[in-house]
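Please look over the model shown below.

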Amino acid sequence: MPSLDEKKDAATVARKLLNSLETPFQFEGTDLRVSIGTSIGIAMYPEDGAGAETLVERADMAMYTVKQRKKNDFYFYS
């Protein structure tokens, strides 16, 4: 997201995404309720990398850190 300049802004977006996916929703009008578990990895430009490929790789590494610790959370690459 090019408009995010600070970690706190990225954290705000990540929290909003997590909150929006927390509530179970109905699937195709049935009584079946679906919940989505979400792990978000965040890499910031330019401190975590200059190119898109590097930033994606590092965000992916941060995401797997979240998956190992606990799910439904976000983590910054470090």
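The text takes the helices in turn, then the pocket, then single residues.

The model is predicted, so local features need pLDDT of at least 70 and side-chain atom pairs count only at pLDDT 80 or more, while totals for chains, interfaces and linings use all residues. Residues are numbered from 1 along each chain as its sequence is written, and side-chain values use heavy atoms, with hydrogens and water left out.

**Helices**

Helices (H or I, at least four residues) and strands (E, at least two) are DSSP runs, numbered from the N terminus. The expected span of a helix is 1.5 Å times one less than its number of residues. The table sets out the two helices on this basis.

| Helix | Residues | Number of residues | First to last C-alpha | Expected at 1.5 Å a residue |
|---|---|---|---|---|
| α1 | 7-22 | 16 residues | 22 Å | 22 Å |
| α2 | 52-69 | 18 residues | 26 Å | 26 Å |

In α1 the buried residues are Ala10, Ala11, Ala14 and Leu18. These residues are on the same side of α1 because they cover an arc of only 100 degrees around the axis; the arc is that of the directions from the helix axis to the C-beta atoms. Lys8, Lys16 and Ser20 are exposed on the face of α1 turned away from its buried side. The cover over the buried residues of α1 includes β3 and β4.

Buried positions in α2 are Leu55, Ala59, Ala62, Met63 and Val66. Viewed down the axis of α2, they fall within an arc of 105 degrees and therefore line one face of the helix. An α-helix has 3.6 residues a turn, so residues three or four places apart point the same way. Exposed residues Glu53 and Gln68 are carried on the face of α2 turned away from its buried side. Strands β3 (39-42) and β4 (73-76) are included in what covers the buried residues of α2.

**Largest pocket**

A pocket is an open set of points on a 1 Å grid over the protein atoms alone, where a 1.4 Å probe fits, with protein on both sides within 12 Å along at least five of seven lines; lining residues have an atom within 4 Å of a point. The largest pocket holds about 440 Å³ of space, a volume being the space filled by probe spheres set on the points, which are joined across faces, edges and corners. Its lining has 16 residues, and Met1, Leu4, Ile42, Ala43 and Met44 lie nearest the centre. At least two lining residues come from each of α1, β3 and α2, and α1 gives the largest share, 4 residues. The lining has 15 nonpolar, 1 polar and no charged residues.

**Single residues**

Leu4 sits in the segment before α1 and is partly exposed, at 21% relative accessibility. Contact means heavy atoms within 4.5 Å. Not counting residues up to four places away in sequence, Leu4 touches Asp9, Ala10, Val13 and Met44.

Ser39 belongs to strand β3 and is buried, at 15% relative accessibility. Leaving aside neighbours within four places in sequence, Ser39 is in contact with Met63, Val66, Lys67, Lys71, Asn72 and Asp73.

Ser78 lies in the segment after β4 and is exposed, with a relative accessible area of 76%.

Note on methods
Buried means under 20% relative accessible area, exposed over 50%, partly exposed in between (1.4 Å probe, protein chains only). Ala, Val, Leu, Ile, Met, Phe, Trp, Tyr, Cys and Pro count as nonpolar, Asp, Glu, Lys and Arg as charged, and the others, Gly among them, as polar.
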